[in-house]
Amino acid sequence: MLDSKLVRTQPQEVAKRLATRGFTLDVEKIEALEEQRKTVQIKTEQLQADRNSRAKAIGQAKQRGEDIIPLLNEVDQLGTDLESSKRELEAIQAELDNILLNIPNLPDESVPVGADEDDNVEVRRWGTPRTFDFTIKDHVDLGAKYGWLDFEAAAKLSGARFAVLRGPIARLHRALAQFMINLHTSEHGYEEAYTPYLVQATALQGTGQLPKFEEDLFKLPREDAADLYMIPTAEVPLTNLVAGEILDAKQLPIKLVAHSPCFRSEAGASGKDTRGMIRQHQFDKVEMVRIVEPATSMQALEELTANAEKVLQLLELPYRVITLCTGDMGFGAVKTYDIEVWVPSQDKYREISSCSNCGDFQARRMLARYRNPETNKPELVHTLNGSGLAVGRTLVAVLENYQQADGSIVVPEVLRAYMGGIEVIN
């Protein structure tokens, strides 16, 4: 959420910056609501003062032996008017809050201005795509050879956009997740966490999925308690661990990592990637989250991205890093790097990780703060998140990049210990 004071006092400047994201801020509506809020707030405060004054006058009139009925009636009427004015003020504030909750974050000055993915800027590449001397297969055909990757069985169970993994491919999928978690905890300094896969609406509002993206979520209504939502990413529970907290500066930075399933009902809605595991309603991801002091968040973004890149380097998978332009960034980000891995069957790089600095956007929604040691006052933290990596897409990349002419798959060297020493899947 943006700073409401900034939106109120500099609406035109905020609108100008948001326009680079393709978002139109209704400045006139905000200004009209703000003017209305001020008027009703003044009225409410005056009614409260008048009611207090009349209440005090009742006691004085009693002491003088005067008839207090007219004063009691007046106080009752003032009380009725005050409650009505409070409700009106709450309704106006709720409308303003709802507008704020649906406004995306402001892009950092270093973010390239652009309309869509065509305007993203490549930062660097690592590795060289392999040249094959045989006709390559995609991961669907490679996995189907022995029935280890079965979309038909998954469709029988759950419908489209699901997969059943069996045998060595299921083991390879598990090996990838364990390898990533071990790397991030042992070498990159993250603390492993296991969190609920179901969260309440407040958690999703805190990280920005609600209210704007409710249709993209799987919701579990309950009659006897608050509705629950299946997490779209472990970013949600991990980041919300600091919601409502005032942290000691000595606790920062907080670095957390979790392996979890992710559930997204929007998968494939655009009609893209109808084949295979690229877009699924359920997929696994290793998620990294950082909670840091504001002055260090841009450096933390570089480190977070490097942590994700290290996974691909050790797997020896070619990739590139791009800076997303203003029009292609996620809702809560001030700056985002996407990491794209080489997918041979598609002859192009595909996203495998998105690493974002959200500034104080999520922290303001969650009221997550730390006590600044210089001022001894609570200030908003900055939050960051990134995939380290999406396990299913990494599996796709391994299957396709390590395939052999006979359809077998060479197991990357760093994964062999997790595979019981297996060097080739055939």
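Mentor: Start with a cut-off: a residue is buried when its relative accessible area is under 20%. Keep in mind that this is a predicted model.

Now look at α12, residues 391–401. This helix is mostly covered: 11 of its 11 residues are buried.

Next, find the partner, α7. The axes of α7 and α12 come within 10 Å and cross at roughly 115°. The crossing is right-handed. From α7, the contact uses I169, L172, H173, L176, A177 and M180. From α12, it uses V391, G392, T394, L395, V398 and L399. Sort these contact residues by type: 9 are nonpolar, 3 are polar and none is charged. A helix has 3.6 residues a turn, so residues three or four places apart point the same way.

Now step back to the largest nonpolar core, which has 49 residues. L172, L176 and M180 are among those with the most contacts inside it, along with L312 and L317. Both α7 and α12 are among the elements that each supply at least two residues of this core. α7 gives the most, with 9 residues. Another core, of 21 residues, lies apart from this one, and L2, V7, L25 and V27 are among its members.

Key: Residues numbered from 1 in each chain as written. Predicted model: local features only at pLDDT ≥ 70, side-chain atom pairs only at ≥ 80, totals over all residues. Heavy atoms only, no water. Core = buried A, V, L, I, M, F, W, Y, C linked by side-chain atoms within 4.5 Å. Buried < 20%, exposed > 50% of the residue type's maximum accessible area, 1.4 Å probe, protein only. Helix = DSSP H or I, 4+ residues; strand = E, 2+ residues; numbered from the N terminus. Axes fitted to C-alpha atoms, helices over the stretch in contact; angles between N-to-C directions. Left-handed = near helix turned anticlockwise from the far one by under 90°. Contact = heavy atoms within 4.5 Å. Nonpolar A, V, L, I, M, F, W, Y, C, P; charged D, E, K, R; others polar.
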